[in-house]
Number of protein chains: 2
Amino acid sequence: MFWDRFPLIKEEVVQFEDYLQGTLVSRQPLIQEAISDLAKSGGKRIRPALLMLTAKFGEYKREEVWSLAAALEILHMATLIHDDIIDDANLRRGSETVQSKYGKDVAVFAGDYLFTLTFDILAGEATNEQLKQVSNIIKQICEGEIQQHQDRYNIDVTYKGYFKRVKSKTALLFEGSCALGAGSAGLPKATVRNLGHYGRYIGMAFQLVDDLFDFTKSSSSIGKPKGNDFTQGIYTLPILYTLYESSYGEKLAELLDNPLENNQEIKDIITNNGSLDYTMKVAKTYINKAKKKIKGLAGNPYHQILIDLADIVVNRDY
Amino acid sequence: MFWDRFPLIKEEVVQFEDYLQGTLVSRQPLIQEAISDLAKSGGKRIRPALLMLTAKFGEYKREEVWSLAAALEILHMATLIHDDIIDDANLRRGSETVQSKYGKDVAVFAGDYLFTLTFDILAGEATNEQLKQVSNIIKQICEGEIQQHQDRYNIDVTYKGYFKRVKSKTALLFEGSCALGAGSAGLPKATVRNLGHYGRYIGMAFQLVDDLFDFTKSSSSIGKPKGNDFTQGIYTLPILYTLYESSYGEKLAELLDNPLENNQEIKDIITNNGSLDYTMKVAKTYINKAKKKIKGLAGNPYHQILIDLADIVVNRDY
């Protein structure tokens with residue numbers, strides 16, 4: 001598994017998985033089936049691991065850390081279910097999505113159920129301040145999703161708009177995981193803030209690399225919905241860079257009028273004009289900023305894991 | 001307005017409306033528009049009023065009561081938005097639904113946003129126990145919605161299944177409003193329980209009467225989605241009674257194979273075989289149970305309002 005390379009945390013991530021599965025419970029058989037499916041299709045549990053790792057820098061309260069970690073991972077799962085409804089996605093991590101297997105109707109309320117489970121868990125363990133933190137994150141995720149939907153097929157979307165979208169889509173939940181972990185361990189405010197920013201920056205890089213994969217990987221290899229972001233009108237950094245910074249801008253704008261038909265030609269332009277290198281460069285800038293934020297924690301063995309994780313975000317092949 | 005007949009509470013319901021509108025805020029323009037639309041299309045605010053009324057029996061903490069009331073009303077609005085997605089409904093209370101006006105994609109995340117707002121408000125004011133109460137209600141609402149969806153077109157759905165569905169669909173939120181109101185006022189446990197049961201029973205009656213309107217009212221007069229529950233495969237008490245207790249059972253089962261085509265004939269059978277009287281009788285039984293539960297509070301002017309409200313639930317024409 002992914003965490004094999006980090007013996008210091010691996011065992012706990014494995015144990016946490018059982019705990020997480022144990023919280024995913026419903027008395028309604030169909031919900032139970034849908035959420036068990038989703039849980040089993042896995043994922044690396046990167047957000048829970050970040051929460052644990054950042055909490056290790058202070059007084060580690062396992063019960064609190066695990067419940068916060070479960071809450072955020074379940075929240076993440078809820079957004080995936082609702083995302084897949086909107087994207088009409090059939091596959092996620094190589095498994096059939098809830099909306100495809102059970103229908104959009106079930107998916108709406110299965111997602112709602114998971115949202116509620118998030119708060120149910122938090123109601124047991126979290127302080128009101130932690131609750132506020134989480135609800136603020138979700139509000140921004142929802143706002144970001146709707147903004148992304150509204151910006152579809154808009155050739156004039158700005159860099160600023162794009163980075164804001166990346167932040168709300170991915171980076172905020174990474175940031176929240178780190179800030180909640182660090183906060184639970186009673187670390188000084190400045191350290192909590194720095195670890196939070198570490199999370200935000202690797203989250204930005206994570207999403208940029210994902211957006212890059214949209215051009216370099218086949219859909220099946222990343223277990224994602226058929227088609228590409230740009231065929232659905234979602235314009236990511238490689239597209240924006242080509243539109244605004246390259247000599248292919250006008251040509252690309254034309255091709256995007258018929259993205260399905262021009263799919264291959266669009267991909268060729270994007271791949272050959274340096275926009276992917278540019279995207280990777282921006283991602284690496286975020287990674288460097290992330291590492292800088294946690295410099296003060298160097299020497300601690302968990303610091304090395306955070307550094308390695310940051311590197312993996314931009315060097316991964318999956 | 002509806003509350004004109006209750007001068008003792010009217011002014012506060014009017015003021016609360018402003019407060020509620022003030023909490024319905026988003027920085028994302030489209031969400032803001034969607035939730036403002038929804039808020040303005042109104043509703044009687046029966047759940048917030050129940051919360052206020054039950055809190056009046058003890059030490060009235062207005063700030064806490066209003067925030068709980070806003071949280072529950074917003075939760076109710078969230079479920080309506082997601083309900084309308086599933087029902088493909090174009091109208092609600094005579095206004096265009098979010099899913100019809102803005103599309104299902106926006107509706108999914110606008111509903112999620114409102115769910116989050118519920119918890120955001122609670123995070124500011126509520127105790128962890130109150131949070132648990134609310135999340136338990138939502139979990140059961142979600143389970144009930146999925147159960148209803150799964151039971152569609154199932155001619156063998158039982159009375160028990162039907163009443164369970166009514167409970168999770170409507171009665172639990174009425175019960176929660178009353179229990180949270182009474183609880184916030186520091187009333188004795190038994191009183192909180194009794195007021196909660198009062199809420200549950202009038203909620204049951206409320207839904208039964210709604211189910212009855214599905215046969216007696218034109219869709220436009222109740223501002224509801226086109227079509228009837230039974231054409232969507234949702235079988236309510238008048239249908240179940242006819243299937244199981246009348247000589248028209250077999251005939252009706254046959255007609256339900258083509259509900260759209262046989263719409264008028266089905267309505268005629270239901271209207272003429274006493275099933276509507278039976279449904280009203282059951283609703284009135286609930287109202288009597290509700291009144292009995294709060295007998296001990298007689299003499300208090302707010303007690304009389306609760307009694308009058310209970311009567312209105314079964315005597316209303318809207």
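## Polar contacts and salt bridges between the chains

Across the interface of chain B and chain A, 24 residue pairs are in polar contact, with both partners of each pair at pLDDT 80 or more; the model is a predicted one, and the values that follow are computed from its atoms. On the side of chain B that touches chain A, the elements giving two or more residues are α2 (29-40), α4 (62-87), α6 (104-125) and α7 (128-150) of chain B. The largest share of that side, 15 residues, comes from α7(B), and the residues of the side divide into 18 nonpolar, 12 polar and nine charged.

Between chain B and chain A the count of salt bridges is four. One of the salt bridges joins A:K139 to B:D120, with the closest N and O atoms 2.7 Å apart.

## Extent of the interface

The contact draws 39 residues from chain B and 39 residues from chain A. The area buried between the two chains is about 3900 Å², and carbon and sulfur atoms give 65% of this area. Within chain B, the residues that lose the most area to chain A are B:F109, B:E143 and B:I146, which together account for 18% of what that side buries.

## B:S135 in helix α7

B:S135 lies in helix α7 of chain B, the element that supplies the largest share of the chain B side touching chain A. With residues up to four places away in sequence left aside, B:S135 touches A:T116, A:D120 and B:F119. The side chain of B:S135 also makes a polar contact with the side chain of A:D120, at 2.6 Å.

Is B:S135 buried or exposed? Its relative accessible area is 0%, and B:S135 is therefore classed as buried, because the class takes in residues under 20%.

## Y153 in the two chains

A:Y153 has a phi near 60°, a positive value in a residue other than glycine, and its place is in the loop between α7 (128-150) and α8 (159-184) of chain A. For B:Y153, phi is likewise near 60°, again a positive value in a residue other than glycine, and B:Y153 is found in the loop between α7 and α8 (159-184) of chain B.

How is the accessibility of A:Y153 classed? A:Y153 has a relative accessible area of 45% and so counts as partly exposed, while B:Y153, with a relative accessible area of 46%, is partly exposed; the partly exposed class is what lies between the limits of under 20% for buried and over 50% for exposed.

Methods: Residues are numbered from 1 along each chain as its sequence is written. Chains are lettered from A and ligands numbered from 1 in the order in which they are written. This is a predicted model: local features need pLDDT of at least 70, side-chain atom pairs count only at pLDDT 80 or more; totals for chains, interfaces and linings use all residues. Side-chain values use heavy atoms; hydrogens and water are left out. Contact means heavy atoms within 4.5 Å. Buried area is the accessible area (1.4 Å probe) that two parts lose on being put together, summed over both. A salt bridge is a side-chain nitrogen of Lys or Arg within 4 Å of a carboxyl oxygen of Asp or Glu. A polar contact is a pair of N or O atoms within 3.5 Å; within protein, one must be able to donate a hydrogen and the other to accept it, and residues adjacent in sequence count only if both atoms are side-chain atoms. Helices (H or I, at least four residues) and strands (E, at least two) are DSSP runs, numbered from the N terminus. Ala, Val, Leu, Ile, Met, Phe, Trp, Tyr, Cys and Pro count as nonpolar, Asp, Glu, Lys and Arg as charged, and the others, Gly among them, as polar. Buried means under 20% relative accessible area, exposed over 50%, partly exposed in between (1.4 Å probe, protein chains only).
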